Amino acid sequence: MKTKRIFRSALSTASFAGITLATLLSAVSCDNKDYNNASPFDNVVYIDAAELQDVSNFTFNRTIADGKKEISAVLAFPTDADINVNFKAEPSLADIYNARLGTKFTVLDSRHYKFSAEQVVIPKGEITSKPITIDFSSLTDLEIDAGYLLPVTIDQASNGMSILGGSRTICYVIRRSSAITTAASLKDNYFEVPGFDFGSPTASVVNNMAQLTFEAIIRVNKFERDISTIMGIEQYCLFRIGDAGFPRQQLQFSSPGDVKFPNPSNNKLLQANEWYHVAVTYDTEHKTAIMYVDGKEQSRIEDYGNGTPINLGKQEREKQAYMFKIGHSYDEPDVFLRQLDGEICEARIWNVARTQEEIYQNMYSVEPTTPGLCAYWKFNEGEGDKAIDQTGNGNDAIAHSKVMWPDGIEVTQKNKE
């Protein structure tokens with residue numbers, strides 16, 4: 001993908017800038033000496049966002065109309081006078097960045113962005129200015145999956161202040177993507193669904209299910225735990241990765257009666273840092289379960305389970321140890337022995353056993369009103385600590401703690417390759 005090339009090609013310039021900056025900072029961070037006149041190094045100003053690398057990817061879903069980025073001016077060490085720093089867009093640098101990145105991206109038209117201010121002040125005795133905002137607008141007018149460049153640079157600084165060359169400019173690579181671009185991190189976190197609690201008026205949609213389909217899109221950072229939970233109820237009906245005596249990277253489903261499927265296999269391993277659509281279907285009447293990875297059948301079992309319907313909404317919070325969760329299943333709320341260290345989006349529960357074709361064609365999106373869809377969390381909010389149930393059934397998922405929404409998400413659509 002082009003975005004991968006972008007990050008790799010930016011490293012050489014970024015590394016040099018970071019080393020230069022680190023040298024400056026290390027020279028002045030060990031004591032309280034006044035370096036305004038005595039420092040063997042010249043002071044410099046630079047853009048905070050360009051400290052480590054001077055290319056930043058701004059990738060967003062095709063339905064997003066606006067967005068924003070913030071930048072500040074930073075000094076290597078304080079001075080005894082205010083420093084005024086001017087920012088500006090510099091379209092003439094686009095050719096340089098295209099040559100570096102091996103791209104032919106278009107310069108972003110000025111009607112799509114606006115600076116909240118063009119000048120900032122670094123007060124005397126301090127090293128950082130207040131941030132300015134670059135507001136992006138009318139983004140739905142951009143061509144889908146096309147690339148646009150917006151180089152933003154320090155134009156000048158007052159009092160003869162030098163500008164650090166490697167971190168003078170931040171170039172935004174802007175892409176309106178057809179892919180999913182938002183997911184929630186489950187690292188040291190998980191989601192619960194209060195609406196599934198026993199007695200809740202919205203719990204009935206996931207009770208007495210003769211058939212079941214669990215679906216989610218996941219990316220695991222590391223498989224360090226014996227079990228990484230996707231969703232479900234511990235020791236009842238659980239979709240997870242790994243188990244005791246089972247490969248840590250293999251999908252597993254546990255049905256009522258704690259009947260586990262499939263058998264251990266080193267030929268069915270997921271890889272770290274790769275996006276997967278994973279699904280399991282279970283027909284309690286026909287006692288059949290099928291596991292899918294990226295819309296393709298991975299495992300199948302016949303004569304499976306005890307034949308009883310699934311009830312995900314009959315757990316009593318104060319009386320039973322295990323509740324329905326996304327990303328966590330076992331032990332106390334703050335114990336993360338079986339937590340999924342990675343990201344999740346497009347999590348769904350159905351009261352039908354979806355076919356292989358239905359799963360494959362709708363891996364990355366599905367209409368919330370599709371018959372049989374009981375709960376649907378897209379995890380596309382990008383902020384806050386709640387994932388909305390898209391079906392309208394009111395079973396929103398609530399995070400255990402503050403949610404991290406990683407930047408730079410772009411889920412590869414494997415049914416369009």
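I call a residue buried when its relative accessible area is under 20%, exposed when over 50%, and partly exposed in between, using a 1.4 Å probe and protein chains only. By that rule Tyr 282 is buried, with a relative accessible area of 0%.

**Entry 1: ground rules.** This is a predicted model, so I noted that local features need pLDDT of at least 70 and side-chain atom pairs pLDDT 80 or more, while totals for chains, interfaces and linings use all residues. Residues are numbered from 1 along each chain as its sequence is written, and side-chain values use heavy atoms, with hydrogens and water left out.

**Entry 2: the whole protein.** I looked up the secondary structure and found four helices and 27 strands. Helices (H or I, at least four residues) and strands (E, at least two) are DSSP runs, numbered from the N terminus. Of the 417 residues, 52% count as buried. The protein exposes about 18,900 Å², and carbon and sulfur atoms supply 47% of that; the areas come from the Shrake-Rupley method with a 1.4 Å probe, and for residues only the protein chains shown count as cover. I then turned to contacts, meaning heavy atoms within 4.5 Å. Among those with a separation of 6 or more, 71% are between residues 24 or more positions apart.

**Entry 3: strand E16.** How many of the six residues of strand E16 are buried? Six of the six in residues 228–233 are, so E16 is largely enclosed by the rest of the structure. Next I checked its partners, counting two strands as paired if DSSP finds at least two bridges between them. Five bridges join E16 to strand E17 (residues 237–243), and the two run antiparallel. Thr 229 stands opposite Arg 240 in E17. E16 and E17 form a hairpin with three residues between them, and Gln 235 in the turn has a positive phi of about 60 degrees. E16 also pairs with strand E23 (residues 325–326), in the antiparallel sense over two bridges. There, Met 231 has Ile 326 of E23 as its bridge partner.

**Entry 4: aromatic rings.** I found 15 aromatic pairs in the structure. Rings of Phe, Tyr and Trp (its six-membered ring) pair if their centres lie within 6.5 Å; planes under 30 degrees apart count as stacked, over 60 as edge-to-face and the rest as tilted. The rings of Phe 214 and Phe 239 have centres 6.4 Å apart and planes at 15 degrees, so this pair is stacked. It links distant parts of the chain: Phe 214 is in strand E15 (residues 211–220) and Phe 239 in strand E17, 25 residues apart. Phe 214 counts as buried at 0% relative accessibility, and Phe 239 counts as buried at 0% too.

Then I came back to Tyr 282. Its ring and that of Tyr 304 have centres 5.3 Å apart and planes at 75 degrees, so the pair is edge-to-face. This pair also links distant parts of the chain, with Tyr 282 in strand E20 (residues 275–283) and Tyr 304 in the loop between strand E22 (296–301) and E23, 22 residues apart. Tyr 304 counts as buried, at 1% relative accessibility. Ring pairs link Phe 214, Phe 239, Phe 253, Phe 261, Tyr 282 and Tyr 304 into a cluster.

**Entry 5: around Phe 261.** A cis peptide bond joins Phe 261 and Pro 262, with omega about 0 degrees. Pro 262 lies in the loop between strand E19 (259–261) and E20. Asn 273 is found in the loop between E19 and E20. Its phi is near 65 degrees, a positive value in a residue other than glycine. Is Asn 273 buried or exposed? At 52% relative accessibility, Asn 273 counts as exposed.

**Entry 6: two buried residues.** Leu 139 is in the loop between strand E9 (132–136) and strand E10 (147–157), and counts as buried at 0% relative accessibility. The C-alpha atoms of Leu 139 and Asp 66 are separated by 5.8 Å, although these residues are 73 apart along the chain.

Lys 414 lies in the segment after strand E27 (397–399). It is buried, with a relative accessible area of 17%. Its side chain makes a polar contact with the side chain of Glu 274 (3.1 Å). For that term I used a pair of N or O atoms within 3.5 Å; within protein, one must be able to donate a hydrogen and the other to accept it, and residues adjacent in sequence count only if both atoms are side-chain atoms.
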